[in-house]
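The following dialogue concerns how to read features of a structural model. Please examine the sequence and the structure shown here before continuing.

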Amino acid sequence: MGASVVKEAFSADELPPEWEIEAVLAWHDDNARAAIGTLLDDIRHLRHQLVLTEGAMSRGMTRGWRPIYDRD
């Protein structure tokens with residue numbers, strides 16, 4: 001597995017989650033710790049982006065919607 005798996009997994013819209021997992025692991029040369037670290041960094045970045053967006057948008061623009069930061 002290599003870059004071709006990553007390219008396939010991220011270019012298709014409807015692939016099973018197993019392909020995404022394989023693509024992430026292939027991108028990190030099957031190093032699960034590195035993959036988890038990258039994914040956690042991505043989560044932190046996206047949460048920060050949500051905070052910035054929430055502060056910049058008016059409540060009327062979103063009709064009262066606010067992001068939820070924790071999963072149910």
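Q: In which helix does L40 lie?

A: Helices are DSSP runs (H or I, at least four residues), numbered from the N terminus. L40 lies in helix α3, residues 32-56. This is a predicted model, in which local features need pLDDT of at least 70, side-chain atom pairs count only at pLDDT 80 or more, and totals for chains use all residues. Residues are numbered from 1 along each chain as its sequence is written, and side-chain values use heavy atoms, without hydrogens and water.

Q: How many helices does the protein chain have?

A: The protein chain has four helices and zero strands (a strand being an E run of at least two residues). Along the sequence the pattern reads α-α-α-α.

Q: Is L40 buried, partly exposed or exposed?

A: Buried means under 20% relative accessible area, exposed over 50%, and partly exposed in between (1.4 Å probe, protein chains only). L40 counts as partly exposed because its relative accessibility is 42%. Buried residues make up 14% of the 72 residues in the protein chain.

Q: What phi does D30 have?

A: D30, also not a glycine, has a positive phi of about 60 degrees. D30 lies in the loop between α2 and α3 and is exposed, with a relative accessible area of 59%.
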